[in-house]
Amino acid sequence: MLAALIVIAAFAPLIATHDPYLQNLGDALARPSGAHVFGTDELGRDIFSRLVHGARITLTIIFLVTIVVGPIGLFVGTVAGYHGGWLDTILMRVTDIFLSFPSLILSLAFVAALGPSLNNAIIAIALTAWPPIARLARAETLTFRSADYIAAARLQGASSWRIIWRSIVPMCMPSLLIRLTLNMATVILTAAGLGFLGLGAQPPLPEWGAMIATGRRYMIDSWWLVTFPGLAILCVSLGFNLLGDGLRDALDPKQMNKR
Amino acid sequence: MRRAVFGQATGIIVTLLGLLILTFVIGRIMPVDPVRAIVGEDAPREVYDRVFRQLGLDRPVWEQFLLYLRDVLRFDFGTSIRTGQPVLEDIKRVLPATIELATFAIIIGASLGIAMGVTAAVNKDRWPDHVIRIVSLMGHSMPIFWTGMIGLLIFYAALGWVGGSGRMSQFYIGMVPETTGFLLIDSAIAGEWDVFKSALRHLILPASLLGYSSAAYITRMTRSFMLDQLGQEYVTTARVKGLSSRQTVWRHAFANIRVQLVTIVALAYGSLLEGAVLIETVFAWPGFGQYLTSNLLIGDMNAVMTCVLVVGVIFIGLNILSDLLYRVFDPRTR
Amino acid sequence: MTSTSPILQVENLSVRYPGSAVPAVRNLSFTVGRERLGIVGESGSGKSTVGRAILRLLHGAALTADRLQFEDVDLLAATERQMLSVRGRRITMILQDPKFSLNPIQRVGAQVAEAFRTHFACSKAEARAKSIAMLEAVQIRDADRVYDLYPHEVSGGMGQRVMIAMMLLTNPDLVIADEPTSALDVTVRLNVLTILDDLVRDKGIGLLIISHDLNLVRNFCDRVLIMYAGQVVEELAARDLDRATHPYTRGLIAAQPRIGGSRQPLAVLDRQDAWETDRGAQP
Ligand SMILES: Nc1ncnc2c1ncn2[C@@H]1O[C@H](COP(=O)(O)OP(=O)(O)OP(=O)(O)O)[C@@H](O)[C@H]1O
Ligand SMILES: [Mg+2]
């Protein structure tokens, strides 16, 4: 399912049957049919083509958030866990403060402050998504820190950076990857939520959440406007959740209880 | 014990302080000029400067923060530009609607999640376990605002089983005096059972959807706690005594995870508030979430930051509460 | 002491846990009359598995037997419903480690009383009185107070006696005692054994004692089964243990420390693969 998402995003122009931005007011709010598989929206744009192009936006968000959040979380978590002491206390306090908000509310606040746009939505999501990763990385680091081979490396005079990078980071990777995968599902939902509230991608971008928001006005008569973008979000986010869940069972059964 | 309480209290204060710093900083980085927001676009220079000083914007940042801190300690969060009311008053007015919704939702979500989690654990790796995994992950993967709309389309527009938007039918609005702000309670006090019914019909759909979405987390945690317990030796003891597997599961194994579940449910309640923001928009629910989003869209930062602060405080409060409950209910920690 | 009608008859019992290549118990046959039968074997030899198999508490594990007869009940054919009225009422099992086998969040007395109330309709107060009397019978002083304690508040030895009280309260016909004394110090151990002994003598119940302590079994049981890797390697009267023929048994006996014995290093078992080979169905 996720491979399908990537393929769709990569070949969006080829798969799309219509130009996602092409308006055709004469053909507005058309039911799903042979010409428009998922129907058209209030401006006569082909919904299927917009969804296909929207996949690119979704993937971009996921990708950007993940490459920002993964390293930050890893860095904060391993450094805090490895060094301990006051550094650990401070870093974990900061993490806790971020964790004491539901992530959507915090992203809302950030976007409100930065101004609504797709880029700001990505920044806001990234800002709120690193703390759980950091917590996990710290917990993992703590379990490895006292291991013999780390002590051995220390005795050989390896610098802490080197130890963290060479020995601890690789050990954290499996559970971190699981967490990031599960995180992607949340990121998709948060991004869609921001788009829905008009705080994320702005029209006419074919972002799925924003499409639902505009479709809402026509919902009662034209169900297809909201149904298909929602299904798209559901499928992708379910895909990541199932993948993460499967990875969790396959890679480390003991991590089940950690948040 | 006393040390632990002391440590925890310090922790809470530090977190609260951090919360304030965070909201302060977010309030700082906004591109909108707060003075212009108050005095308007074409106010004369001296008016602008006066307000600029009034807001303390001419002082160093740390002093501004102290001023902010002072205001907060006095429970003075400024007035909302949109409603012209003190923000705190506004929030007090809208919060009950959200709490009513969220509480109903958590009752539904917790019952569903716990039932599914226990069933999944008892039937580990058999078909009920797999079905439950999919069902609960579905709830976790659905964009709640979309589910809300589809729910309205199906159960309200097509089937007519539930009420539509709002907390009650237009017809009843203003019929019961606001005593507590909780419509179900107010209408019951007033003896207006029609209003009560209408409120319930309006509440049930958003609350169920919200509950369903929160059930995933509760299900997963219940399942893993339960699996832990079912592997314990005392479970065998109960079976040896001749208890049926149902009695064993509920009277013994489940009794042992109740305390942990309280924590989980408290956390889930907190994240329900997140879904509430979105679903209130869909259902035109006059609650906290709607208040927050409508202020967001017009850039009323005073109101927005206060809302964020309130959510943060509720979150911390829930954490403390679950900690306390843990201590009260687990004989081993007494 | 063996009576003519055995309480429990087991023929060719085999148990295989899911996911393991070899069965935990293979072709085990024995009978229990109104007597004290000991099962001895090293850790992991399948002793506890036998107890659970008799109570049909091995969900998911594959259990086969030619015969598994308890008095008038065919345990192989019994429905779960029938088993519910056997377990805890007519067959009970004293579990290995009281630290883990008592429910940590329930008062110990309530757990004892529950065993009674599951099978007999009676008021809470009656059950409490019965339980306290039983707790006293297993020589718990101050039973009234102990009744209201939580498991983490009682010592290991007391926990073990609570467990025993719980399992004797319903006057069962067969008691399986899985290492009933492993958590006890020597003086309490004698006490507990005496209690069990009296029961066999007075009420004529069957007692299956599982242990890895050869000395205990030798002094306390009428007959002994020696288990190794899931099979019975030898069955003897307890007083004949010294005349054991199987090399594993002889090894076990030699490895027992004896007070006043020669100060040679303890004998180490010299294992042979042949002991593990399938002994086939025994008559
Ligand atoms: N639930 C289970 N699933 C899979 N294998 C099991 C299970 N329980 C026991 N076993 C295996 O079955 C074998 C016999 O176990 P059992 O508990 O009967 O040994 P035991 O003789 O009682 O040992 P001990 O003296 O330590 O109590 C062991 O190899 C054990 O690993
Ligand atoms: Mg055992």
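Domain bounds here come from an automatic or database domain assignment.

## The model

This is a predicted model, in which local features need pLDDT of at least 70, side-chain atom pairs count only at pLDDT 80 or more, and totals for chains, interfaces and linings use all residues. Residues are numbered from 1 along each chain as its sequence is written, chains are lettered from A and ligands numbered from 1 in the order in which they are written, and side-chain values use heavy atoms, with hydrogens and water left out.

## Two domains in chain B

Chain B is assigned domain 1 (2-73) and domain 2 (96-333). Their centres, taken over C-alpha atoms, are 34 Å apart. Twelve residues of domain 1 are in contact with ten residues of domain 2; contact means heavy atoms within 4.5 Å.

The two domains of chain B bury about 940 Å² between them, and carbon and sulfur atoms give 83% of it. Buried area is the accessible area (1.4 Å probe) that two parts lose on being put together, summed over both. Gln8(B), Leu19(B) and Thr23(B) supply 40% of what domain 1 buries against domain 2, more than any other three residues. Helix 1 (residues 2-29) of chain B gives the most to this side of domain 1, with ten residues. Helices are DSSP runs (H or I, at least four residues), numbered from the N terminus.

A salt bridge is a side-chain nitrogen of Lys or Arg within 4 Å of a carboxyl oxygen of Asp or Glu.

## Chain A against chain B

Chain A brings 45 residues to the contact and chain B brings 49. The area buried between them is about 4400 Å², with 77% from carbon and sulfur atoms. Phe101(A), Ile105(A) and Ala113(A) supply 12% of the area that chain A buries against chain B, more than any other three residues.

The rule finds one salt bridge across this interface. Asp245(A) forms a salt bridge with Arg133(B), with the closest N and O atoms 3.3 Å apart. Helix 10 of chain A gives the most to the side that touches chain B, with 13 residues.

## Ligand 1 in chain C

The residues around ligand 1 include Tyr17(C), Glu42(C), Lys47(C), Thr49(C) and Gln96(C); each has a heavy atom within 4 Å of the ligand.

A polar side-chain atom of Tyr17(C) lies 3.3 Å from a nitrogen atom of ligand 1. A side-chain N or O atom of Ser43(C) is 2.5 Å from an oxygen atom of the ligand.

Conventions: Helix = DSSP H or I, 4+ residues; strand = E, 2+ residues; numbered from the N terminus. Polar contact = N/O pair within 3.5 Å; in protein donor to acceptor, adjacent residues only side chain to side chain.
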